[in-house]
Amino acid sequence: MNVVVRSTFRHILILAVLLSLLSCSEKITDNPHGNELPKTYLWLFPDSTIGVGISRQHLRWWGEDPDGVVKGYLFAFAITEARVDTVPSPDTLRYIWTTKNDTLIQFPLDTLFRLFTVYVRAVDNSFRDLPNQSIVRLSPSPYWDKNENGIFDGDDASLTDLPGAVDPVGAVQTFPIRNTRPTIAFAPNPNDPTIALKQPDTTYTSATFAWKGSDFDGDNTLASYRIALNDTSDPMRWVTIPIRDTVVTLFVPRVRSDGAGAEVEADLYGGRFLGRQFLGRVQGLRLDALNVLYVQVKDVAGEFSPAIRMPGTANHWYVKRPRGKLLMVRDDINYGGFADSIY
């Protein structure tokens, strides 16, 4: 009897399996799993808002794809009025295609403070390849903006496979950026670049000065220089000159210095002597007295560097009023020699 029961049970089990197989009309190969989109991460995971930083930032990111590999990234940044944590809708950003995971970026500041938002979106290997630094637009539909005019026209290429390969959320972070104050220094001595070129301790009413401004935000953010003689408290004494002029000459013609009192206006020239350009006049050159020249540089955000002065506090610059018509230049290391016996 036990044999009969086991045989009957076996037949029932086989019948159940056959019925189950016959009832399954779908095949696994007929229903492949759709492509899973990648996810993007920035290196920052702040537990609060990011503090104010400088305009030059090193940004890093990466992407993860659960069913493939990340092929590249869409990278963009924009000035925003407030902190942002999502991509705009519709997404009108100007993206740059890159295969890199980091960049050293210079946020363009034209004011003392700005909010910049960075957007990064990973793209998986179901997308075609693009040349690095290609401009990509996602609205109204994705395309490679070859002529970079923000309009789908000309030789621009449609990117129909991008929506199924790009991270729809992306990584977004807002950076509050404050302008960095520019700096300025007098030109180095060509015989010893470790020290600044010094003005002679005594000159007549002609003197040349050279300097160089710089800015951590980028030297392209420098806007202008300004100089003053002796008194920096009076705004009218400051003279603004173009950013190209880092070598200037102060010169007072004899027709002006002969009849002047204790102070005189000096003509201001930019560039080398033979190609010099008249830049205006600067007030307050003291005759038969000590003088100090002050220089500042201003950036596009309107911020000035600390003023530098020539000469330094340990030296002096004495300006003599010309009186005769003969100028002797002595380059004689043997003091008391032939030149001294004649003059």
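At 37% relative accessibility, Arg178 counts as partly exposed, where buried means under 20% relative accessible area, exposed over 50%, and partly exposed in between, with a 1.4 Å probe and protein chains only. The structure is a predicted model, in which local features need pLDDT of at least 70 and side-chain atom pairs count only at pLDDT 80 or more, whereas totals for chains, interfaces and linings use all residues. Residues are numbered from 1 along each chain as its sequence is written, and side-chain values use heavy atoms, with hydrogens and water left out.

A salt bridge is taken as a side-chain nitrogen of Lys or Arg within 4 Å of a carboxyl oxygen of Asp or Glu, and by this rule the count comes to 15. One of these links Arg178 to Glu303, with the closest N and O atoms 3.4 Å apart. Because Arg178 lies in strand β10 and Glu303 in the loop between β22 (293–299) and β23 (308–310), the pair ties together parts that are 125 residues apart in sequence; Glu303 is buried, with a relative accessible area of 16%. Strands (E, at least two residues) are DSSP runs, numbered from the N terminus.

A salt bridge also joins the side chains of Arg94 and Glu148 (3.5 Å, N to O). Arg94 is located in the loop between β3 (70–80) and β4 (95–98) and Glu148 in the loop between β8 (143–144) and β9, so parts 54 residues apart in sequence are tied together. Arg94 is partly exposed at 38% relative accessible area, and Glu148 is likewise partly exposed, at 46%.

In a further salt bridge, the side chains of Arg281 and Asp267 meet at 3.0 Å, N to O. Arg281 belongs to strand β20 (residues 277–286) and Asp267 to strand β19 (residues 263–270), 14 residues apart. Arg281 is partly exposed at 42% relative accessibility, whereas Asp267 is buried at 5%. Through shared partners, salt bridges join Arg256, Glu265, Asp267 and Arg281 into one network.

Strand β10 is also part of an open sheet of seven strands, in the order β9-β8-β7-β4-β3-β6-β10, with antiparallel pairing; two strands pair if DSSP finds at least two bridges between them. Since β9 (157–158) and β10 (171–178) each have a single partner strand, they stand at the edges, and one side of each is left without a neighbour in the sheet. Eight bridges join β10 to the antiparallel strand β6 (residues 113–124), and Leu115 stands opposite Pro176 in β10.

How values were computed:
Helix = DSSP H or I, 4+ residues; strand = E, 2+ residues; numbered from the N terminus.
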